[in-house]
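Here is a short briefing on one protein chain. Look at the sequence and the model first, then work through the points by topic.

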Amino acid sequence: MTTKTISGGVVHELPDDLMKALLAEPEALVQWEDITPLARNEWICWVISVKKDETRVEHVQRVPEELMQGMRRPCCWVGCMHRTDKPLSPSAKSVLEKRRKT
């Protein structure tokens, strides 16, 4: 029995729930492997950075759908705040400030 290796991101490993969603949609998996490691990292971070379980479930479902629609990165998202290889953008800093206040 062979195990399919699915690429992760530059900071984040591929979580099991997202891996299962990608394996269930072969076309989405092809798109996943075609995007850059940084783009995969953005999708993974977009999935794991939510506060509510139901939001995570929604994001996991949306990743394959949006990849099959041709999206290469999550829309309207400030990006991965866990990367240490670049400084935070002004928009990411603003989001973090707002989160600290709530």
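Start with W46, which counts as buried at 6% relative accessibility, because the cut-off for buried is under 20% relative accessible area. The model is a predicted one.

**The tryptophan pair**

- How many aromatic pairs does the count come to? The count comes to 1 aromatic pair.
- That pair is formed by W43 and W46. Its geometry is edge-to-face.
- The ring centres are 5.7 Å apart, and the planes make an angle of 80°. The pair counts as edge-to-face because its angle is over 60 degrees.
- W43 and W46 both sit in helix α3, 3 residues apart, so about one helical turn separates them.
- Is W43 buried or exposed? W43 is buried, with a relative accessible area of 0%.

**The nonpolar core**

- The largest nonpolar core has 17 residues.
- Which members touch the most other members? They are L14, L18, L22, W32, W43, V63 and L67.
- Helices α1, α2, α3 and α4 each supply at least two residues of this core. Helix α2 covers residues 26-34, and helix α3 covers 37-48.
- The largest share comes from α3, with 5 residues.

**Helix α1 against helix α4**

- Two packed helices are described by the angle between their axes and the distance between the axes.
- Helix α1 spans residues 16-23, and helix α4 spans residues 53-68.
- At what angle do α1 and α4 pack? The angle is about 35°, with the axes 9 Å apart.
- The crossing of α1 past α4 is right-handed.
- On the α1 side, the contact involves D17, L18, A21 and L22. On the α4 side, it involves R56, V60, V63, P64 and L67.
- By class, this contact of α1 with α4 has 7 nonpolar and 2 charged residues, and no polar ones.

**Helix α1 against helix α2**

- The axes of α1 and α2 come within 6 Å. They cross at roughly 115°.
- From α1, the residues L18, L22 and L23 take part. They meet P26, A28, L29 and W32 in α2.
- Which classes make up the contact of α1 with α2? The contact has 7 nonpolar residues, no polar residues and no charged residues.

- H59 is found in helix α4. H59 is buried, with a relative accessible area of 9%.
- Which residues does H59 touch, not counting those up to four places away in sequence? They are W46, V47 and V50.
- M19 is found in helix α1. M19 counts as partly exposed, at 25% relative accessibility.
- Not counting residues up to four places away in sequence, M19 touches I6 and L14.
- M19 and T5 are 14 residues apart in sequence. In space, they are 9.8 Å apart, C-alpha to C-alpha.

**The whole chain**

- The chain has 5 helices and 0 strands. From the N terminus on, the elements run α-α-α-α-α.
- The chain has 102 residues, and buried residues make up 31% of them.
- Consider contacts between residues at least 6 apart in sequence. Of these contacts, 67% join residues at least 24 apart.

How values were computed. Residues are numbered from 1 along each chain as its sequence is written. This is a predicted model: local features need pLDDT of at least 70, side-chain atom pairs count only at pLDDT 80 or more; totals for chains, interfaces and linings use all residues. Side-chain values use heavy atoms; hydrogens and water are left out. Axes are lines fitted to C-alpha atoms, for helices over the stretch in contact, and angles run from 0 to 180 degrees between N-to-C directions. Helices (H or I, at least four residues) and strands (E, at least two) are DSSP runs, numbered from the N terminus. A crossing is left-handed if the near helix is turned anticlockwise from the far one by less than a right angle, and right-handed if clockwise. Contact means heavy atoms within 4.5 Å. Ala, Val, Leu, Ile, Met, Phe, Trp, Tyr, Cys and Pro count as nonpolar, Asp, Glu, Lys and Arg as charged, and the others, Gly among them, as polar. Buried means under 20% relative accessible area, exposed over 50%, partly exposed in between (1.4 Å probe, protein chains only). A nonpolar core is a set of buried Ala, Val, Leu, Ile, Met, Phe, Trp, Tyr and Cys residues joined through side-chain atoms within 4.5 Å. Rings of Phe, Tyr and Trp (its six-membered ring) pair if their centres lie within 6.5 Å; planes under 30 degrees apart count as stacked, over 60 as edge-to-face and the rest as tilted.
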